[in-house]
Amino acid sequence: MKKRILSVLLCLVMTMSLMSACSKKSADTSSEGESSSGTEAGMTQGKNNHVDGGTDLSLWTFQELHVGFYTEMADVWNEKNPDKPINITVTTGESHSLHQKLLVACQAGEGTPDIADIEVGYYGSFMKDNYLLPINDVVEPYEDEVVMSRVEMYGDNEGNWYGADFHLGASVTYYNMDIMNEAGVDPASIVTWDDYVEAGKVVKEKTGKPMCAVESTDLFLPQLMMLEKKTQYVTDDGQPNIANDDHAEVIDYIRMMIDEGICEIAPGGFFHAEEWYGHLNDGGVASISMPLWYMGRFTDYCGDLEGKIGIYEIPVWNEGDTREVLQGGTGTSVLKFTEQEDLAKEFLAFCKLSEEGCTYEWEVLGFDPIRTSLWDDPAITENPDNKYLKYFTTNPFDILKKNGTDLTAPNISGAYSATYSVLVSTTYTNAFENATDQDAKELLETEQSTIIYEE
Amino acid sequence: MKKKGVFSRFLYSQKVAPYVFVLPFVLTFLIFFAYPVISTIYMSFCKVSGGETVFIGLKNYKTLTNPVFIKALKNSMFYMVVTCAIMIPIPMILATMLNSRHMKGKGFYRSVMFIPALTSVVVAGIVFRLMFGEVSGSFMNQILGLFGHDPLVWLRRPFTVWIVLFALCIWRWTGVNMMYYLSGLQQIPKDLYESADIDGAGRFQQFRYITLPLLKPTTIYVLTISIFGGLAMFTESYLIFNGNNSPNNVGTTIVGYLYRVGLQQNNIGIGSAIGVVLLIIVLLLNVIQLALNGTFKKGE
Amino acid sequence: MKKKKNTQTILLVIFFSVLALITLLPLLLLFVSSFRPGAELIRYGLNFNIDFANANIDTYRLLFSGQNNYFIWYKNSLVITVVQVFLALLLSAFVGYGFAMYDFKFKNLIFAGVLIVMMIPTEVIILPLYQLIIKLGIMDNMWGIMLPYLVIPMLIFFFRQYLSGIPRDFLDAARVDGCSEYGIFARIMVPLMKPSFAAMGIYQGMQSWNNFLWPMIVIRSQEKITLPVGLQSLLSPYGNNYDILIAGSCFAIVPILILFICFQSYFIEGMTAGGVKG
């Protein structure tokens, strides 16, 4: 039986090989035709409701949730702009490879989409080679209504802005109120990092649980502490600058918290690992400082914590400092190879900065609105059906309103991409896990020397 | 003599036919091997960005003196040396044992040992990554627990990372290497052992003086593939660390670094320089191996 | 004396049974775990704790629901494997035949080329190759994956060895009968090479099916990627796809396992080719 199957297979191969020995060329072309027609039916693409005569726009994103956002926004756009309708095709893919493929397409100067979501860690590479179009003209109409530091972040020294984000990305501290109550500590009483450490010691003593966690393969906590000191990972002209005294102080401070037992290394290495979500959901840690867009991770991955998490302002170094900074993000940009420059830019600004766009982002995606008018709208801030407001015990808008709009955003220009990759792959692992005895400044100097950056 | 028929033209002449036969290789060689090799050597002296290529001398190679590349080099070398040290003796001994006269059900065990080689390295990597997870419930931590040991953070510590990588390598390749040795063993004439028995040689002596020397061609082959496989290791590390960034580069290999610098960070010039370094290492190893084999042959 | 031999047999069988068990363990673990929700596995660990009350085939139901790309990747891998194996066998046999049956000028030089390509890991030239693929305009295309790897030195080497056992007089006889040089190859040699095609087909098939780095570089579109690349992308913490990851990994092994059980000897010969004759 086995033999027979095999001989049938072999006969097939034989006949095919004989045929193609005569006409290899025709065999090649026919199978090529097949393959391209087979892949026409892309599965992970999203489209809006088709409008006849609409202009085709293409968009790439690495986050599947964003597909629904863009297609729905396109429908709204078409309703409001019947004179210039669009048909948008949104393609998703895995983050690393998508960014890399985008870079390749840019270098080749072809095959790029009109618009693309670019994660903050990769943004510098695209800006540095001028692959993006300035969007100042379409942002300016919204200028007074949005937090501009979030827009300026995706800009250069000449005053050009290239990207618009989904959210403000204001950092806050999420406290597990069960643990805090058990320890008898009121998070509202914590103002400075020193207060935080003292509170942490109490929490550790009363509950045995660590106050916070730090990532070894990402940078949120140290970056937050640096931004509070107004220190950046790159200099104003884009050179890597991680070996500075402020950074060393931050590392020493976190090391001190680890030594005191009030800070742990996040299981899984970063705050997006499944191991970490499990740990968090099981009440393994008392607090975590992350941007407001992290709310969605709580609602999606930590069902057991519903009604137990309070959102408070981040601790600061000195009393009186602004208790809010901006972190993370995705700069959506128009690629310079587009043939629909004006339309792509207008649509982008509409999605990200308009009332409709920001409302969708908040209600569905749980992103803190970049648009300040929403902060005062009770229909938004007191919406009893909003799943985020329901989940958390405190209202995030209180923090946004209190700290205003003059916020420090990370400088992501120049060497940021290269610096970021060193920070998350080696620097923090070394600082907090492997070389905990090495002098912080010395360690940072070694790390800085491994950053490969060419202007 | 009508042997070529009417259609006999240039192409069909017996003189030209051989060249037509090897043409696919020659074309592939020129387009997809020779040209890229030359191009990578050239680019390693250049800065390549945005379609422009500017000659910058040895600057790319100077950049490679950074600690990460040195570490990647060390990692690849270490991986190669240890895999050679493990993946030759163990399969050889297993094959000898399996080949023993007293063994029953050889075919069955042979097949079972071979199964891991069938699984794609991606699937194997996923399983090992999860088996060696850092949570206390992961399989390996449960085993540690049986011995009263605390859970380990396997994938983020320099030492345990190597255990995972070697475990993966042993698991996947023992069966295949064993198979090489089994077929090597088949070619050793049985009567050699019989006469050794008569001469009163013990099992160990037989292994030392008959099996080992006669398996030398197999060993050389296994050594060769282990060397190049080890040097070019990438996928295993990529899977185990879920991407190309292992904590503190504990698992970054030469190819991993090439991929990171050349493709992820888009420094084609420096990436090419890494490629050239790898090329030189491979050529050196080839020369050494050829020299050793050559002299051995003369000696015998 | 007899008794001693029996104990030896028992010891050997026990030893290899334990070894076989250890060998199969990771796959068993994967199989058992595929009946648990994927996210839970990563949170609490991949292990043999089976909660029979909660074990279910939801992950497989999801896998076969068609709501994901899994079977598109499967199909892509299958198409690439079949096409690449077919073309690689044909072209490499063609070339190997040329080397085995003719003497011609530069033969040794060209054959040295075969050996050189065999010796140098393809990763060395991955950057220029990638630029070349861009220039040729076959990025994000399955031909970009296959084109550089259609004439495989390993196969050429093997076929040359295999054919060198066939006396050349055989060819002259065919020529007298009016066969052209290519006719001889197609009508006489190809059938003769059957067994080697089977083994080499499996060798090349495993290579194509499991190829990871190169397809990852060449393919951009989610719907064109191959199974290994697709599975890897499911490991991403941003996608929440762990259910498909585990069940999909399991299901990726099954067909090969079945083929292996049916055509064991060809598998073993194919995957260990070169070790014996090389």
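User: Why is A:Asn130 called partly exposed rather than buried?

Analyst: A:Asn130 has 13 other C-beta atoms within 10 Å, and since a residue is buried if 20 or more other C-beta atoms lie within 10 Å of its own, exposed if 12 or fewer, and partly exposed in between, with C-beta atoms placed from the backbone, the value for A:Asn130 makes it partly exposed. This is a predicted model, in which local features need pLDDT of at least 70 and side-chain atom pairs count only at pLDDT 80 or more, while totals for chains, interfaces and linings use all residues. Residues are numbered from 1 along each chain as its sequence is written, and chains are lettered from A and ligands numbered from 1 in the order in which they are written.

User: What makes the backbone of A:Asn130 worth a remark, and where is the place of this residue?

Analyst: A:Asn130 is not a glycine, yet its phi is positive, at about 55°. Its place is the loop that runs between α5 (120-128) and α6 (136-139) of chain A, where helices (H or I, at least four residues) and strands (E, at least two) are DSSP runs, numbered from the N terminus.

User: How do you know whether C:Asp140 is buried or exposed?

Analyst: C:Asp140 counts 20 other C-beta atoms within 10 Å and is therefore buried. This residue, too, is not a glycine and has a positive phi of about 55°, and it lies in the loop between α6 (126-136) and α7 (142-146) of chain C.

User: What makes β9 and β10 of chain A edge strands?

Analyst: The sheet is open, has three strands in the order β9-β6-β10 (chain A), and pairs them in the antiparallel sense. In that order β9 (287-291) and β10 (309-312) of chain A each have a single partner strand, so one side of each is left without a neighbour in the sheet. Neighbouring strands are turned by 30° against each other on average, direction ignored, with axes that are lines fitted to C-alpha atoms, for helices over the stretch in contact, and angles that run from 0 to 180 degrees between N-to-C directions.

User: How do you know that β6 and β9 of chain A pair?

Analyst: Two strands pair if DSSP finds at least two bridges between them, and strand β6 (residues 171-176) of chain A is joined to β9(A) by five bridges in the antiparallel sense, so the pair meets the condition. Within this region A:Tyr175 stands opposite A:Ser287 in β9(A).

User: How many residues of each class has the side of domain 1 of chain C that touches domain 2 of chain C?

Analyst: Chain C is divided into domain 1 (2-63) and domain 2 (70-271), and 14 residues of domain 1 are in contact with 12 residues of domain 2. The domain 1 side has 10 nonpolar, four polar and no charged residues, where Ala, Val, Leu, Ile, Met, Phe, Trp, Tyr, Cys and Pro count as nonpolar, Asp, Glu, Lys and Arg as charged, and the others, Gly among them, as polar.

User: How many residues of chain B are in contact with chain C, and which helix of chain B gives the most?

Analyst: 82 residues of chain B are in contact with 75 residues of chain C, and helix α1 (residues 17-43) of chain B gives the most to the chain B side, with 17 residues. By class, that side has 53 nonpolar, 26 polar and three charged residues.

User: Where does UniProt place the feature "transmembrane region" in chain B?

Analyst: The unreviewed UniProt entry places it at several spans, including residues 21-45 and 111-132 of chain B. In the model, residues 21-45 are 92% helix and 0% strand, with end C-alpha atoms 37 Å apart, while residues 111-132 are 86% helix and 0% strand, with end C-alpha atoms 26 Å apart.

Note on methods
Contact = placed C-beta atoms within 7 Å. UniProt positions renumbered as here; feature names shortened; annotations may be inferred. Domains from an automatic or database assignment.
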